Each structure stands twice: as structure tokens, then as C-alpha cells.
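Subject: Structure handover

Hello,

Here is the structure I said I would pass on. My notes follow below it.

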Amino acid sequence: MEVEMEPKSPFQTSDREFGADWPQDPGVNRSHNDQEDMNRLGKKQEFKRNFRFLATLGFATIFSSTWEFVLVAFGSGLINGGFGGLIWEYVWTFLGYSTIVVSLAEMSSMAPTAGGQYHTRVSEFAPARWQEYLSYAAGWTSTLAWQPALAGGLYPIAVMIQTITQYNQPDFVLLNWQASLLMVALGFLTVPFNTVWRRALPMFETIVLVFHFAGFFATIIPLWVLAPKNSATQVFTEITNSGGWSNTAEEVEDASLNVPRSMVWAFVLNGLMGFVTLITYVFCIGDLTSALNSPEPFVATFLNGTGSTGGATGLTIILFILLIAGNNTCTTTESRQMWAFARDKGLPFSGWLSKIHPHWNVPLNCIIVTIGINIVFCLINLGSTLAFNIIIGLQNVGFLSTYIISIGCLISARLRRDPLPPARWSLGRLGMPINCFAVLYACFLVTFCFLPVMVPVMAQTVNWTPAIFVGVVVLATSFYFVHGRKVYTAPVAYVEGKRRDGMLQSVT
């Protein structure tokens with residue numbers, strides 16, 4: 001196949017002719033472009049493609065849930081920055097992270113598979129002698145990042161329930177074991193949509209996308225109208241330092257175009273909605289000291305804005321429903337990433353993990369393991385909330401490490417002037433500078449993931465994330481040399497031009 005060179009204009013999209021050599025498989029719905037992509041990558045189509053652009057956009061948007069998490073997760077930003085610091089940190093993060101998103105979007109257009117960053121994005125772009133190990137390492141860091149995602153999404157929901165109940169019934173106390181069991185129960189709610197109701201998931205994601213936008217306006221409009229406002233000077237210029245610091249691609253139709261488009265549009269829409277929510281949040285939160293002393297600052301904002309516990313409860317229920325919906329996408333994404341890595345024999349018990357349920361057409365074993373792992377994480381909260389938060393904190397390090405490896409390998413391929421795979425969504429000539437900035441920015445963020453929230457550091461505030469991350473890397477590397485290198489097959493081995501004729505990777 002002739003390799004298409006980079007387009008001359010930035011962010012160019014183009015269609016390619018369909019290769020007629022794809023082995024047809026009855027009962028699987030694929031577009032011509034999807035068939036060509038999977039043929040080039042050497043993968044047999046295992047899933048039915050029932051996610052169109054709108055459902056894919058809903059999936060990506062709801063998984064990020066930016067404006068919702070702006071409200072429930074920005075307490076530490078108020079501690080280490082105050083109003084002004086929080087706003088300008090958000091702007092800088094949005095601009096910096098955009099380079100990571102568009103870099104990954106271009107790579108997903110080159111290789112639209114369930115393996116994500118570790119797949120062709122590392123395996124095919126890395127220097128030949130490092131292709132196997134780097135793709136294996138990226139697979140493990142990606143697994144490390146994804147697996148705690150569900151537990152991380154369940155925790156703020158449990159805290160939300162506790163806080164709003166206390167506002168309505170001041171004598172109520174949600175014990176730690178009750179919160180942990182509540183998280184487990186909420187985790188099990190994601191199972192039906194990923195198994196028996198699997199066919200309804202695209203429609204569900206589209207409906208929730210509409211509710212995502214409706215909930216946004218239903219939340220911020222009452223605050224704009226009813227809440228007393230902080231001054232613009234307080235919001236944009238006051239910076240505080242209370243912390244002591246000095247400051248599912250293989251199931252998407254036409255995936256090589258719809259996946260990168262949905263990634264970018266989800267990022268832009270969520271980013272803009274998150275910024276509007278943040279501005280509303282800090283204008284309407286009231287006194288900063290009082291907000292920080294409240295159980296949850298976002299509930300204090302609702303109370304300050306509506307003037308009643310009933311109004312605050314209603315706004316919190318909107319957040320509750322949307323975050324519950326986002327947990328479905330967590331389970332879907334975690335299980336698909338695990339399945340893709342198991343397909344390449346990168347995990348223990350890969351043969352069992354890579355099986356597809358014949359009736360539901362889902363990786364049922366990976367779903368079971370994903371739910372099981374997250375139940376263990378939730379139960380860790382029984383013994384120590386600090387330990388639970390450290391494990392959840394590994395997500396950011398895992399994701400950023402995978403981004404550094406994958407985009408770094410793409411930079412390496414560009415420097416070697418290797419012909420890149422065709423991409424229907426391309427950065428064009430802007431690719432190299434954007435990729436370089438993305439890697440530098442990701443490295444910058446990693447350093448902050450290793451810092452404690454407050455100084456001076458005490459036993460209760462020490463950040464154990466670096467030690468645990470290094471431990472996981474050592475464990476994964478040891479497993480690779482003892483067992484992985486004997487059975488693991490880097491995805492590049494199946495790519496067109498490097499595989500034996502007619503060889504397609506399959507788990508069936």
C-alpha cells in the first residue's frame with residue numbers, strides 16, 4: 001500500500017480509497033474505512049461497530065465530565081491558589097493539555113484500536129530495537145492509569161451523598177465502612193450497561209450527552225441569578241497559599257475520523273463548559289475561608305447561591321446523576337484497554353482475559369476483573385482514606401507517563417523521517433512543534449503529581465505516589481524479563497508491510 005505523506009495544511013482530514021483485500025466476516029458491521037484500518041493494523045474485527053459520531057462524542061464527553069469535576073474536585077486548588085490561582089491554573093492547563101489531546105487524536109486516526117496509546121502509537125513509532133519493550137511498558141502504565149478510574153469516580157459520589165445528607169440531617173454521620181460499601185454498590189450499577197444492556201449503550205451515551213448540557217445550564221443559571229457575587233478583583237487577582245507551597249475505538253464506526261473528532265470536540269466543549277462553571281463557582285462561592293472550612297466547597301456554593309438546603313440538594317442531584325452515568329464509561333474503557341493488552345499477551349492470564357462473550361460481544365472476563373479490582377480499591381478505603389487517595393493519584397502519573405512514551409515515540413519517528421501511517425485527521429506541518437510541547441508539558445505535570453498537597457510534610461500528608469509508581473514499574477519490568485518477552489507480541493508485528501501475508505491477529 002502506498003503511504004500517504006503528511007498533508008500540507010494543518011488539521012486536514014481526507015478520505016482514502018477502500019482496499020478490497022479485507023477478508024469479509026459475516027455479521028460484523030464495518031464501514032469501508034474501518035475495514036481498511038483494521039487490515040493495515042493486522043487485527044480481526046472482534047466487536048460490532050455500533051458507536052457513531054454522536055454516541056462517541058457522548059462517550060468521550062461524559063467520561064471527562066469536566067464541568068462536573070470542576071465543582072466536586074477543585075478543593076485543593078482553592079487551598080493552593082485561591083480564586084485567582086485556580087482560574088489562571090485552569091487556563092494554563094487547558095492550553096497545555098490541548099497539545100496532548102490533539103497529538104493523541106492524530107495518532108488515534110493512524111491507529112484506531114482499543115489498545116489506545118500503547119498500541120501502534122508506541123509499537124510502530126519506536127526505534128526497532130525498543131519497539132517491544134516500550135510498547136509493553138506503555139501497556140502497563142496505561143493499565144495502571146485506567147484501572148483505578150472507576151473507584152476514583154465512585155469516591156466523590158459517596159462524599160457527595162454524605163455531605164448533602166448532613167446538610168439536611170446535621171446529626172447524620174456516614175461511617176467509613178458505609179461509604180466503602182456504597183462505592184461497591186454503585187460500582188456494580190455499571191455492570192448491566194456493559195453486559196446485558198450493551199446494545200443500548202450508544203443510545204444511553206447520546207441521551208446522557210443531552211442531559212450533560214441541560215444539567216450544565218440548570219446548575220449555573222440559578223447561581224448567576226440568585227447568588228451574591230464576589231468582586232472581579234477577588235476572583236481574578238487574589239491568590240492564596242493555604243497549603244504552604246510556592247507555587248473504544250474498535251467499536252466506533254469510521255473510527256479513524258470519528259475517534260479523533262470526538263476527542264477534540266469533547267475536549268473543547270468540556271473545557272469551555274468547565275471554564276464557565278469555574279468562573280461561576282468562584283464568583284458565587286462567598287467567603288473563601290468559610291468555603292474551605294465547609295465539608296465540600298461546591299455544596300457551600302449551592303447553599304450560598306440558592307439560600308436553601310432544598311435548592312442545594314436539587315443541584316447536587318444533577319451532579320450525582322451525571323457522575324453515575326460517567327462511571328459506565330469508566331468500566332467500558334477500563335475493560336477494553338485491558339482486553340487489548342491481553343490480546344497481545346501482555347498480562348498474566350491473557351488467554352482467559354482476551355475471550356469475547358459469544359452472545360453479548362463484550363470482553364466479559366475483563367469486565368469481571370475490572371469490577372473486582374475496583375472493589376478492592378474501594379475496600380482499601382475501609383482501612384485508610386490516605387492509602388485510597390494515593391492509589392487513585394497513580395492515575396495521573398500513569399496517564400502522563402503513557403503520553404510521554406507514545407508522543408515521544410512519534411517525535412522519534414518524525415526525526416528519523418520514517419513514513420508515518422495515513423491519518424485522516426492530521427496536524428500536518430504543525431505536528432512536530434505540537435508534539436514536542438506536549439511531551440515537555442506532560443513531564444512538567446508529572447513533577448507536580450509527586451509533590452505533597454501541603455508543607456511542611458507530615459506522616460498524614462506525605463505523597464507515596466512516587467514510591468508506588470516506581471514499585472509498579474519494577475514489577476512490570478521484572479515480569480517482562482521473566483515471562484513477558486517469551487509470549488508478548490508487539491502490535492507492530494501484525495502491521496501491514498511487517499507481517500506475514502494473510503496473518504491477522506485474532507482471539508477466536
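Is C378 buried or exposed? C378 is buried, with a relative accessible area of 1%. Please keep in mind throughout that this is a predicted model. C330 also counts as buried, at 7% relative accessibility. As for cysteine pairing, a search of the whole structure finds zero disulfides.

Overall

The chain has 508 residues, and 54% of them count as buried. Its secondary structure consists of 21 helices and two strands. The accessible surface of the chain is about 21200 Å², and carbon and sulfur atoms account for 67% of that.

Cores

The largest nonpolar core contains 90 residues, and F298 and I407 are the ones with the most contacts inside it. Helix α19 gives the most to this core, with 14 residues. Another core, of 15 residues, lies apart from it; F341, I356, C366 and Y488 are among its members.

What does I407 touch, once its neighbours within four places in sequence are left aside? The contacts of I407 are I100, S103, L104 and M107, together with N435, A438 and V439.

Helix α9 covers residues 176-188, which makes 13 residues. The distance from its first C-alpha to its last is 19 Å, close to the 18 Å expected at 1.5 Å a residue. The buried residues in α9 are A179, S180, M183, V184, L186 and G187. Seen down the axis of α9, these buried residues fall within an arc of 165°, so they line one face of the helix.

Which elements cover the buried residues of α9? The cover includes α8 (149-168), α10 (190-194), α16 (309-343), α18 (364-383) and α19 (385-415).

N381 gives a residue-level view of one of these elements, as its place is in helix α18. At 1% relative accessibility, N381 counts as buried. Not counting residues up to four places away in sequence, N381 touches N176, S180 and M183, as well as Y155 and F388. Of these, S180 and M183 are also listed among the buried residues of α9.

Helix α7

Helix α7 runs over residues 131-146.

S262 is found in helix α13, residues 255-284. S262 counts as buried, at 2% relative accessibility. Leaving aside neighbours within four places in sequence, S262 is in contact with F53, T56, L57 and A60.

T309 belongs to helix α16. Why is T309 classed as partly exposed? Its relative accessible area is 35%, and the class runs between the 20% limit for buried and the 50% limit for exposed. T309 touches Y167, N168 and L303, not counting residues up to four places away in sequence. The C-alpha atoms of T309 and V299 are separated by 9.3 Å, the two residues being ten apart along the chain.

Positive phi

Two residues to look at for backbone geometry are N361 and R417. N361 has a positive phi of about 60° although it is not a glycine. It lies in the loop between α17 (350-353) and α18. R417 also has a positive phi of about 60°, and it is not a glycine either. The place of R417 is in the loop between α19 and β2 (425-426).

Regards

Methods:
Residues are numbered from 1 along each chain as its sequence is written. This is a predicted model: local features need pLDDT of at least 70, side-chain atom pairs count only at pLDDT 80 or more; totals for chains, interfaces and linings use all residues. Side-chain values use heavy atoms; hydrogens and water are left out. Helices (H or I, at least four residues) and strands (E, at least two) are DSSP runs, numbered from the N terminus. The expected span of a helix is 1.5 Å times one less than its number of residues. Buried means under 20% relative accessible area, exposed over 50%, partly exposed in between (1.4 Å probe, protein chains only). The arc is that of the directions from the helix axis to the C-beta atoms. Contact means heavy atoms within 4.5 Å. A nonpolar core is a set of buried Ala, Val, Leu, Ile, Met, Phe, Trp, Tyr and Cys residues joined through side-chain atoms within 4.5 Å. Accessible areas come from the Shrake-Rupley method with a 1.4 Å probe; for residues, only the protein chains shown count as cover. A disulfide is a pair of cysteine sulfur atoms within 2.5 Å.
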